[in-house]
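Please read it with the structure open.

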Amino acid sequence: MKEFVYVMQDPQGNHARPAGEVVATAKKYTSKTSLWVKDKSYDLKKLLMVMGAPINKGDEVVIRVEGDDEEACAKDLKETFDRAFKG
């Protein structure tokens, strides 16, 4: 299992366009991907779940990746979060 912490940079917090980018990235891989906000998890391959995650600027979230291609998937997701939610 791979995981990393992301601190929301976007002043708008979580919203549709960057959430869609993250979901598209997660769907490229076979690994199970999840977004953890406090103690609740959201499936990173389901857009409505990701968009419904209550994340505001400055909030820390944990992204967990588990599967055969977890290393590449985690790296790609980290880059996507950094790019998509940079504000």
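The numbered points below go from the overall fold to single residues.

1. Basis. This is a predicted model, in which local features need pLDDT of at least 70 and side-chain atom pairs count only at pLDDT 80 or more, while totals for chains, interfaces and linings use all residues. Residues are numbered from 1 along each chain as its sequence is written, and side-chain values use heavy atoms, with hydrogens and water left out.

2. Fold. The protein has 3 helices and 4 strands. Their order along the sequence is β-α-β-β-α-β-α. Helices (H or I, at least four residues) and strands (E, at least two) are DSSP runs, numbered from the N terminus.

3. Dimensions. The C-alpha trace spans about 35 × 25 × 20 Å along its principal axes.

4. Of the 87 residues, 40% are buried. Buried means under 20% relative accessible area, exposed over 50%, and partly exposed in between (1.4 Å probe, protein chains only). Among contacts with a separation of 6 or more, 73% join residues 24 or more positions apart. Contact means heavy atoms within 4.5 Å.

5. Surface. The protein exposes about 5,000 Å², and carbon and sulfur atoms supply 51% of that area. Areas come from the Shrake-Rupley method with a 1.4 Å probe; for residues, only the protein chains shown count as cover. L47, L48 and M51 form a nonpolar surface patch, with about 300 Å² of accessible area together. Like charges are joined within 9 Å, nonpolar side chains (Val, Leu, Ile, Met, Phe, Trp, Tyr) within 5 Å. L47 lies in helix α2 (residues 47-52). L47 counts as partly exposed because its relative accessibility is 35%.

6. W36. Which strand holds W36? W36 sits in strand β2 (residues 32-37). Its relative accessible area is 24%, so W36 is partly exposed. Beyond its neighbours within four places in sequence, W36 contacts S41, V61, V62 and R64. The W36 side chain also makes a polar contact with the side chain of S34, at 3.1 Å. A polar contact is a pair of N or O atoms within 3.5 Å; within protein, one must be able to donate a hydrogen and the other to accept it, and residues adjacent in sequence count only if both atoms are side-chain atoms.

7. K38. K38 is not a glycine, yet has a positive phi of about 55°. K38 is in the loop between β2 and β3 (40-43). With 74% relative accessibility, K38 counts as exposed.

Conventions: Patch = residues over 30% accessible without salt bridge, like charges linked within 9 Å, V, L, I, M, F, W, Y side chains within 5 Å. Salt bridge = Lys/Arg side-chain N within 4 Å of Asp/Glu carboxyl O.
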